[in-house]
Amino acid sequence: MPTFRPAPLASTSHQAGLDTLRAVAIALVFMYHYQVFVSQEATFGWLSEVGWVGVDLFFVLSGYLIANGLLGGLVRGQALDLGGFYARRMFRTWPVYWLVLAAYFLAPALMGGKTPPPLWRFLTFTQNWGLGLGCAPARHHPGPAAGAAAQGAGRAVLHCP
């Protein structure tokens, strides 16, 4: 009787096609946000209308890559290393988060000019709590750090006011 063996996850090799998907997702989100927050018209044609799909694509891609990094060791016969996994995630995402957060508070005019939520909300990754489902964080708290709570808090379900 044949033995089932899962296909090895490609955690040790770079998959260039995923970089292309990531670029497509970023471009779609940019086109959509340009329409919603800048031009109020479909500047990029039908791509402006479907640009929100880029967020879904980015989340699916992130889920795949994160699961691949977390579970890849199991396929290679190694023990599950949650501490190592979270340390790698922390060193990969937090430096840029802290850099953007510093710019957001030290140079608010360059980051949109509006008063941000209190700093403690960013330090606890709770700046999006209280926004409604379907609410765009950038509409309430503009700036590059506005959506970072979703990653920092594990994409928690947000409560709508």
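Visitor: What share of the 161 residues of the protein chain counts as buried?
Guide: Welcome! This is a predicted model, where local features need pLDDT of at least 70, side-chain atom pairs count only at pLDDT 80 or more, and totals for chains, interfaces and linings use all residues. Residues are numbered from 1 along each chain as its sequence is written, and side-chain values use heavy atoms, leaving out hydrogens and water. Buried means under 20% relative accessible area, exposed over 50%, and partly exposed in between, with a 1.4 Å probe and protein chains only. By that rule, the buried share of the protein chain is 22%.

Visitor: How many helices does the secondary structure of the protein chain come to?
Guide: Helices are DSSP runs of H or I with at least four residues, while strands are runs of E with at least two, numbered from the N terminus. The protein chain has zero strands. Its helix count is seven.

Visitor: Where does Q40 lie?
Guide: Q40 is not a glycine, yet its phi is positive, near 55°. Its relative accessible area is 57%, so Q40 is exposed. You will find Q40 in the loop between α1 (16-39) and α2 (46-50).

Visitor: Is F125 buried or exposed?
Guide: F125 also calls for a look at phi. Most residues other than glycine have a negative phi. F125, not a glycine, has a positive phi of about 60°, and its place is in the loop between α5 (119-123) and α6 (137-140). Because its relative accessibility is 11%, F125 counts as buried.
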